[in-house]
Amino acid sequence: MNTLNSPVSACRYCQFYDPIGRRGGCCKTLGVSVQAGWQGCQLAIPVFTSVCPRMQEASSDPDKAIVF
């Protein structure tokens, strides 16, 4: 059996997790209800993945403004 090597340890740290209520939420990728504390799946992407390249880009050129 293969082990899970996802960079996301729990659903609540995934970019596709949409919190609903106190403990649960929805996975926007799979379209199912999930618990915040469940182990992240192989489709999980860290929340700040899309922000980091833009920040690195801006830090290399001081004349660029960071726009999110």
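This report describes the fold, the core and selected residues of one predicted protein model.

The model is predicted, and local features need pLDDT of at least 70, side-chain atom pairs count only at pLDDT 80 or more, and totals for chains, interfaces and linings use all residues. Residues are numbered from 1 along each chain as its sequence is written, and side-chain values use heavy atoms, with hydrogens and water left out.

**Overall fold and confidence**

The protein chain holds 1 helix and 3 strands, in the order β-β-β-α from the N terminus. Helices (H or I, at least four residues) and strands (E, at least two) are DSSP runs, numbered from the N terminus. The mean pLDDT (the predictor's confidence in each residue, from 0 to 100) is 78 for the protein chain, with 62% of the residues at 70 or more. Where pLDDT is low, the predicted coordinates should not be read in detail.

Of the 68 residues, 22% count as buried. Buried means under 20% relative accessible area, exposed over 50%, and partly exposed in between (1.4 Å probe, protein chains only). The accessible surface of the protein chain is about 5,500 Å², and carbon and sulfur atoms contribute 56% of that surface. Accessible areas come from the Shrake-Rupley method with a 1.4 Å probe; for residues, only the protein chains shown count as cover. Among contacts (heavy atoms within 4.5 Å) with a separation of 6 or more, 49% join residues 24 or more positions apart.

The largest nonpolar core consists of 8 residues: V8, C11, C14, Y17, C27, V34, A36 and A44. A nonpolar core is a set of buried Ala, Val, Leu, Ile, Met, Phe, Trp, Tyr and Cys residues joined through side-chain atoms within 4.5 Å.

C26 lies in strand β2 (residues 24-27) and counts as partly exposed because its relative accessibility is 22%. Not counting residues up to four places away, C26 touches F16, Y17, D18, I20, V32, S33 and V34. G24 is in strand β2 too, but is buried because its relative accessible area is 14%. Leaving aside neighbours within four places, G24 is in contact with Y17, P19, V34, Q35 and A36.

**The loop between β3 and α1**

I45 is in the loop between β3 (32-35) and α1 (51-60). I45 counts as partly exposed because its relative accessibility is 30%. Apart from residues up to four places away, I45 touches V8, Y13, C14, Q15 and F16. Q15 belongs to the segment before β1 (17-20), and is partly exposed because its relative accessibility is 32%.

L43 is placed in the loop between β3 and α1 and is partly exposed, with a relative accessible area of 47%. L30, V32 and L43 form a nonpolar surface patch with about 260 Å² of accessible area together. Patches are made of residues with over 30% relative accessible area and no salt bridge, with like charges joined within 9 Å and nonpolar side chains (Val, Leu, Ile, Met, Phe, Trp, Tyr) within 5 Å. A salt bridge is a side-chain nitrogen of Lys or Arg within 4 Å of a carboxyl oxygen of Asp or Glu.

**C-alpha distances**

| Pair | Separation in sequence | C-alpha to C-alpha |
|---|---|---|
| Q15 and P46 | 31 residues | 5.6 Å |
| I45 and Y13 | 32 residues | 8.3 Å |
| G24 and G37 | 13 residues | 8.4 Å |
| C26 and C11 | 15 residues | 9.3 Å |
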